[in-house]
Amino acid sequence: MIKRFLLAALVALPMCVAAQTLKFGTVNSQEIFNLMPDKATAESTLQSVSEKYQTEFTNLQQEFEKKYKEFQELDPTTPQSIKDRRMQELQENQQKIQNFQQMAAQDLQKQQETLLAPITDKIQKAIQAVGAEGGYTFIYDLSIPAVVYSGAGAEDVTPQVKAKLGIK
């Protein structure tokens, strides 16, 4: 990635000297993302779903603990086959809890991607519109750690993108 950036800079350098019409801008998309009104709605939805999963997880744990307690309280004269069956039930419940945790985590991740994708798309379109309207050659996103230098010739277009999205 750095090699590509350096190669692009080396290719662009002669053009800068010759044309002197390149216009660079910077934007902080993370700052904009945090101010988007849609973000609060998405986070609220994710929180609600997360709480439902947490409630179900708590129920599964309580069920396991109840059966475990019953297993521990078995009379010592209980036949081994009954003890084995109860132990198998405990193992099945433990597996059920683990499967539920994995499924819940995957579903929450998928829902987060689904809910946040329209917000990031909206920001990207606004950045592109500002870039086209402002005649920028490049706009670098400052929230991505790959950008290591923003010179005096670069203009921060975060305010214009915010204005394009109607946020302050």
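Modeller: Strand 1 and strand 3 (residues 154-156) run parallel and are joined by three bridges. Helices (H or I, at least four residues) and strands (E, at least two) are DSSP runs, numbered from the N terminus, and two strands pair if DSSP finds at least two bridges between them. Before we go on, note that this is a predicted model, in which local features need pLDDT of at least 70 and side-chain atom pairs count only at pLDDT 80 or more, while totals for chains, interfaces and linings use all residues. Residues are numbered from 1 along each chain as its sequence is written, and side-chain values use heavy atoms, with hydrogens and water left out.

Biologist: Which residue in strand 3 is the bridge partner of Gly25?
Modeller: That is Glu155. Strand 1 also pairs with strand 2, in the parallel sense and over four bridges. There, Val27 has Asp141 of strand 2 as its bridge partner.

Biologist: How should I read an aromatic pair?
Modeller: A pair of aromatic rings is described by the distance of the centres and the angle of the planes. Rings of Phe, Tyr and Trp (its six-membered ring) pair if their centres lie within 6.5 Å; planes under 30 degrees apart count as stacked, over 60 as edge-to-face and the rest as tilted. The structure holds three such pairs. One of them is Phe24 with Tyr140, stacked at 6.3 Å centre to centre and 10° between the planes. Phe24 belongs to strand 1 (residues 24-27) and Tyr140 to strand 2 (residues 138-141), so this pair ties together parts 116 residues apart in sequence.

Biologist: What about salt bridges inside a helix?
Modeller: Take Glu43 and Lys39, whose closest N and O atoms are 3.2 Å apart. Both sit in helix 3 (residues 37-72), four residues apart, about one turn of the helix. Lys39 is buried at 15%, and Glu43 is partly exposed at 42%. In helix 4 (residues 80-134), Glu89 and Arg85 are likewise four residues apart, and their salt bridge has its closest N and O atoms 2.6 Å apart.

Biologist: Last one: how do I describe two packed helices?
Modeller: By the angle between their axes and the distance between the axes. Axes here are lines fitted to C-alpha atoms, for helices over the stretch in contact, with angles from 0 to 180 degrees between N-to-C directions.

Biologist: At roughly what angle do the axes of helix 3 and helix 4 cross?
Modeller: At roughly 175°, and the axes come within 10 Å. Helix 3 and helix 4 are therefore roughly antiparallel (angles under 35 degrees count as roughly parallel, over 145 as roughly antiparallel, 65 to 115 as roughly perpendicular and the rest as oblique). The residues of the contact of helix 3 with helix 4 divide into 19 nonpolar, eight polar and 12 charged. Here Ala, Val, Leu, Ile, Met, Phe, Trp, Tyr, Cys and Pro count as nonpolar, Asp, Glu, Lys and Arg as charged, and the others, Gly among them, as polar.

Notes. A salt bridge is a side-chain nitrogen of Lys or Arg within 4 Å of a carboxyl oxygen of Asp or Glu. Buried means under 20% relative accessible area, exposed over 50%, partly exposed in between (1.4 Å probe, protein chains only).
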